[in-house]
Amino acid sequence: MISLEIENIGKTYGTGSSAAVALEGVNLSIRPGEFFFLLGPSGCGKTTLLRIIAGLIEPTKGRVLMGERDVTALPPEDRKTAMVFQNYALWPHMTVRRNVEFGPKMRGVPTGRRHELAGECLDMVQMLQYAGRKPSQLSGGQQQRVAVARALAARPDILLLDEPLSNLDARLRQHMRDELRQLVKSSGVTAVYVTHDQKEAMAMADRIAVMNAGRLAQVGEPRQLYDRPGGRFVADFLGEANFLDGRVLAVRADQVRQGGYLVKIATSAGELDAFSDSSIQAGSNVACMVRPERVDVFETQDRPAGAGCIFKAVVRSATYLGQSQQATCVLPGGTPFRIEIPGGQSRLAPSLEISLLIHPRDVVILERDKQNP
Amino acid sequence: MSQDNRKDMPLIPRSGPPARAGMRMGDFIPPALAIILVLLMAIFLLIPIGMAISSAFEKDGHFSLEWFAMVTGSRLMIEQMLRSVLLACATTALCLVLALPLAVLRARTSFFGQGLLGILLLVPMILPPFVGAMSMRRLLCQFGSLNLLLEKIGLLDFSRALPPDWLGGGLAGVVILQALHLFPILYLNASAAMANIDPAYPQAARNLGAGPWRTFFSVTLPLMRPGLFAGATIIFIWSLTDIGTPLIMGYEQLTAVTIFKELGRGNYFGWTYSLVFIMLSGSVTLYVLGKFIFGRSHAAESSKATVSADVRRLGAAGTLGAWLMFGVVIMLAVLPHVGVALMAFSDRWVNTVLPSQFTFKHIAFVLSDERTYSSIVNSLKYAAGSTAIDIVLGGLAAWLIIRCRVRGKTLLDGLMMLPLAVPGLILAAGYVALTNWHPPSWLPAWLSLEAIGPTKNPTWLLIIAYAVRRVPFVVRGVSAGLEQVPVSLEEAARNLGASQLGAAWRITVPLVAANIIAAGVLTFAFAVLEVSDSLILAQTEQYYPITKQIYNLATSAGFPQTANQAAALGVYGMAMLAGTMAIASALLGKRLGAIFRA
């Protein structure tokens, strides 16, 4: 197992006024054996970064280190990476077995051993019985497995996966998530996986780097990124989020959480309490993020129980999704607010007057204005 | 945190890895190969043409516009030029009329025997039009087979009036013969262009209320424009510079024929080269217009096909109609070939619709006569040599252009495609100028290429001329294959440890092998068919290729059998070329059209 260091990587296409910055100042430290995800919208630079790691694109600046070895100037064939391509890139003129044996062959593994190795890897992905077939005779899911087997058979230091599930249908994709994670983790290889699907990343990753416009927005474990996003972009990209702008009225030490603070914030919809790990000066402008499913919803005539702030709201539109109901409400002051409740609860309907209970632990303070940091 | 989500960022380059700051040995290979190719094209294309052009502007060792003024001031020359342009326009228009409906029918319908008809439509390409001209004269002249047939069935009465000359005594005959030979090029281009149009575009037009005709003219036809223009350009230039057909048809007041006659007589005067310069300027201008203005592709706006094409399965009546359409055109197009075959096997054919006696003696003569037999061997030798050169150079060029990041790639692409804009006649004139050049005293005498000149042993000159003229077909053919092989297949190989050349050899070459073979087969076929270079550059009978020998026999006066012997030689040529075209068509299918793109 080997670590991967990305040091200040930048990539610019073109020069002068026509220059387009694809990556800027990216630093990452990926641990040995880690299943690391690069997540972001189309065009954020995640695939460019993956191809820089593979040596298929030369960075404009920065270094790539695999373990102690600086591989920045090495051609792809000398890097000991193996990539699973988005379209799988299985060679149509070779059988499944020849595809899988290619990597070991290029790395000088003797014929007998590479035959064994291919068999092991194909067995691992349950494709051994298809070894004699051509890629065109396989389904999408089978091709994906062969692509993984081909990459693993090369015994790479770093396994790279470029949206390998994006060509599969929704049901198969869900099934392959678990299978792929199990495969990668059992092989023990350090892996970097690119995707724009936040659910895929949340379900499979050890850690995720969220990217936006060629830069890293935040790096962390899935739960940390979801519950405590570092900014609006990450909060919005990983699931749905409500944002309430406000001003800090008071800050006091939290009685329950050691070292924490309870912050009272005035928003256009009313007062809101939030926990914070750091102190914030009273009078600061902040933005508060609340996840739709983290709000308790009551009909107005009921009196909500439990700690937290209560907001009156009117349902504007509602959608029934089976397992859940989603609705857009309007808070006092006209602020729109999304909520999500289990599908089995009483039905949300337009014009219904409701109360929302928001617990301070479910409020994330995102931004502070520059005058009052 | 910035929320700016840049939509315009170009993120994944199309091709493989870029040159890196610390260059390795392997990184020098593509630029080195590109330089070698550019040098070869400069020596065998640019320098000969440059020499021909410089001869047009040189008198007594000094720059002079006298030749040029002489040509442009001559009413005869201007008339010849206008007549040449008229001929090319008429041929191109007739090709369009013949090819477009058939291409639409092929792309939008499906019927029994469609594949067979598609292959039969390529038959006209297996015979140079001048060979067919011999037989067409026999069939369609005043006392030819057609009129004799019409008299026999009572539709004509020779005693009342002279029968009509169906070939119109010149221009019309040349136009018909050229168009019947060349329209498959436009058909292939139009078919390819239609196949490339996302069916969603015409479907969207129909959905918004346009009828089938309006949809065709306002959506489909504009989208086909690049393909059509590419094909039309090739046909126009071909017709403009054809010499064989006008010579056989006796329609000689054309610029190309004048150039040929002067060079054939050994008159390397400045004014001949001035005509060469004018023809070249016209061809290159048209090529450039076609490529960069009228032929600009809509590729940037179009996307991958999102829906399946509207292909209508024809019923019995529709199939019959389609067969009739294809059948009439194919019948007209193969008429010259049938005529050639009849001539080759006829022992007596005087005042009868068909030969009254048949014989194998002309067919046997071709193999027994040393001159005709050696012309077949020579053609095979020249064609094999030039094909080998084309596959190596064209394949390399395609790889460099499509797969590598090389500085000046556009220049390389332009140079490799330039022969399409340079007619064989012009290149041959350039080679005549090159081999007539005597190095000045301060240069070594061995630089003189006189030994491979037309009057000495032009074997290498012909091989090189054939290779230069046909190399664009290989570049296009292999490029089309490379474009269909995702670059990620090579990247996957490199990523698993293969070097750049190793990945190309193990992955790319096997995947484009069909394209390489098909382009090679076509190149071979066209080399055997080559007329202009052959007529001008082979001046000694010992080195005549088939086409020159056919021309020689066909124009020999006083020996009644020579026309039949020429036809017999033509039959051998047709048999060879029919085989090669069938192989190419089987290997490439609809992609065959991509090879004929400008």
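Which residues form a positive surface patch? In this predicted model, the patch is made up of R98(A), K105(A), K134(A) and R506(B).

Of its members, F112(B) is situated in the loop that runs between β3 (109–110) and α4 (114–120) of chain B. The relative accessible area of F112(B) is 63%, so this residue counts as exposed.

Salt bridges were examined next. Side chains of opposite charge can pair when their charged atoms come close. Over all chains, the count comes to 33 salt bridges. In chain A, R114(A) and E101(A) are joined through their side chains in a salt bridge, with an N to O distance of 4.0 Å. This pair connects distant parts of the chain, with R114(A) in helix α3 (residues 111–124) and E101(A) in helix α2, at a separation of 13 residues. R114(A) and E101(A) are both buried.

A second salt bridge is formed by the side chains of E179(A) and R145(A), at 3.5 Å from N to O. Here the partners are 34 residues apart and again link distant parts of the chain: E179(A) belongs to helix α5 (residues 170–187) of chain A, and R145(A) to helix α4 (residues 140–153) of chain A. With a relative accessible area of 18%, E179(A) is classed as buried, because the class requires a value under 20%. R145(A) is likewise buried, its relative accessible area being 15%.

Helix α5 of chain A also supplies a partner to another such pair, R177(A) and D197(A). The side chains of R177(A) and D197(A) meet in a salt bridge with an N to O distance of 3.7 Å. R177(A) lies in helix α5, whereas D197(A) is placed in the loop between β8 (190–195) and α6 (198–204) of chain A; the two residues are 20 residues apart, and the pair links distant parts of the chain. Both partners, R177(A) and D197(A), are buried.

T508(B) is part of helix α20, which comprises residues 500–511 of chain B. This threonine is buried, with a relative accessible area of 3%. The side chain of T508(B) makes a polar contact of 2.8 Å with the side chain of E490(B).

The other site is G318(B), a residue of helix α13 (residues 316–345) of chain B. Its relative accessibility is 29%, and G318(B) therefore counts as partly exposed. In sequence, 208 residues separate G318(B) from S110(B), while the C-alpha to C-alpha distance between them in space is 9.8 Å.

Definitions and conventions: Residues numbered from 1 in each chain as written. Chains lettered and ligands numbered in written order. Predicted model: local features only at pLDDT ≥ 70, side-chain atom pairs only at ≥ 80, totals over all residues. Heavy atoms only, no water. Patch = residues over 30% accessible without salt bridge, like charges linked within 9 Å, V, L, I, M, F, W, Y side chains within 5 Å. Areas by Shrake-Rupley, 256 points an atom, 1.4 Å probe, with all protein chains shown as cover. Lys, Arg positive; Asp, Glu negative; His and termini not counted. Charge placed at Lys NZ, Arg CZ, Asp CG, Glu CD. Helix = DSSP H or I, 4+ residues; strand = E, 2+ residues; numbered from the N terminus. Buried < 20%, exposed > 50% of the residue type's maximum accessible area, 1.4 Å probe, protein only. Polar contact = N/O pair within 3.5 Å; in protein donor to acceptor, adjacent residues only side chain to side chain.
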